[in-house]
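Hi everyone, thanks for coming. Have a look at the model on the screen, and I'll talk you through a few parts of it.

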Amino acid sequence: MKLMPTMKPQKQRSSRSMQAPVEQILAGLRKEYPDARCALEHQNPLQLMIATILSAQCTDVRVNKVIPDLFKKYPSVQAFANTSQAELEELIRSTGFFRNKAKSIIGASQRIVNQYEGQVPRDMENLLTLPGVARKTANVVLGTAFGIASGVVVDTHVFRITHRLGLTEAKTPEKVEIDLMRSIPPDEWINFSHRLIHHGRKVCVARKPACERCVLSELCPKTGVLK
Ligand code: SF4
């Protein structure tokens, strides 16, 4: 385990006290990122769903470069449902995994047209029936597009930082989400994810967390630990 040269790690907490003080973490994030929002540009739930599918293994910056042309060419769910796989692949190629993503977008759009009267479902159960839509994407759509707190979005930043903060020791995003839903009040679920994602991009970055300027440094068991 490498240590940052200018900082000393905090004394390790006992396993019982490993649980970070959630309320203080929430308050710190609220103060630091009061206006944190989803970084994916979108005008409606369908566009957010498609942007989120495209963001898998890709940066939001890259996705935001692709979607203006995409949404101009396909202005409706019917347009996405009726396009060809090859044509869509060309437009989203730069986001990576473009064959699977094109297949998911077309399949999800066709199902929305055929089963949901052209409207993106507003509940987890039906969203999960759409090709390419797993729990994370469904939580993004429900939370950001509809304001429905269905769960906690666990992306790579949320997964990494909640472990550093001692909020979970779970090995999969699904189990991390369950831990977070137990410890965080439902009215914080949506904003908690937005704020932690911002924190992961600006401060608690994967390669070298900037603990010296982290609002959570006094609460975090991993302060000063590079890992
Ligand atoms: S930046 Fe450092 S102190 Fe802040 S949450 Fe990440 S590991 Fe903890």
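Helices (H or I, at least four residues) and strands (E, at least two) are DSSP runs, numbered from the N terminus.

This is a predicted model, so local features need pLDDT of at least 70 and side-chain atom pairs count only at pLDDT 80 or more, while totals for chains, interfaces and linings use all residues. Residues are numbered from 1 along each chain as its sequence is written.

Okay, the overall layout. The protein has 11 helices and 2 strands, and along the sequence the pattern reads β-α-α-α-α-α-α-α-α-α-α-α-β. Along its principal axes, the C-alpha trace spans about 60 × 30 × 30 Å.

Now, which way does helix 5 cross helix 6? The crossing is right-handed. Which residues meet there? From helix 5 we have Gln85, Leu88, Glu89 and Ile92, and from helix 6 Phe98, Arg99, Lys101, Ala102, Lys103, Ile105 and Ile106 (contact means C-beta atoms, placed from the backbone, within 7 Å). That contact has 6 nonpolar, 1 polar and 4 charged residues. Here Ala, Val, Leu, Ile, Met, Phe, Trp, Tyr, Cys and Pro count as nonpolar, Asp, Glu, Lys and Arg as charged, and the others, Gly among them, as polar.

Last stop, the ligand. Of the 14 residues around it, Cys204, Pro209, Cys211, Cys214 and Cys220 come nearest (near means a C-beta atom, placed from the backbone, within 6 Å). That shell divides into 10 nonpolar, 2 polar and 2 charged residues.

Technical notes:
A crossing is left-handed if the near helix is turned anticlockwise from the far one by less than a right angle, and right-handed if clockwise. Two residues are in contact if their C-beta atoms, placed from the backbone, lie within 7 Å.
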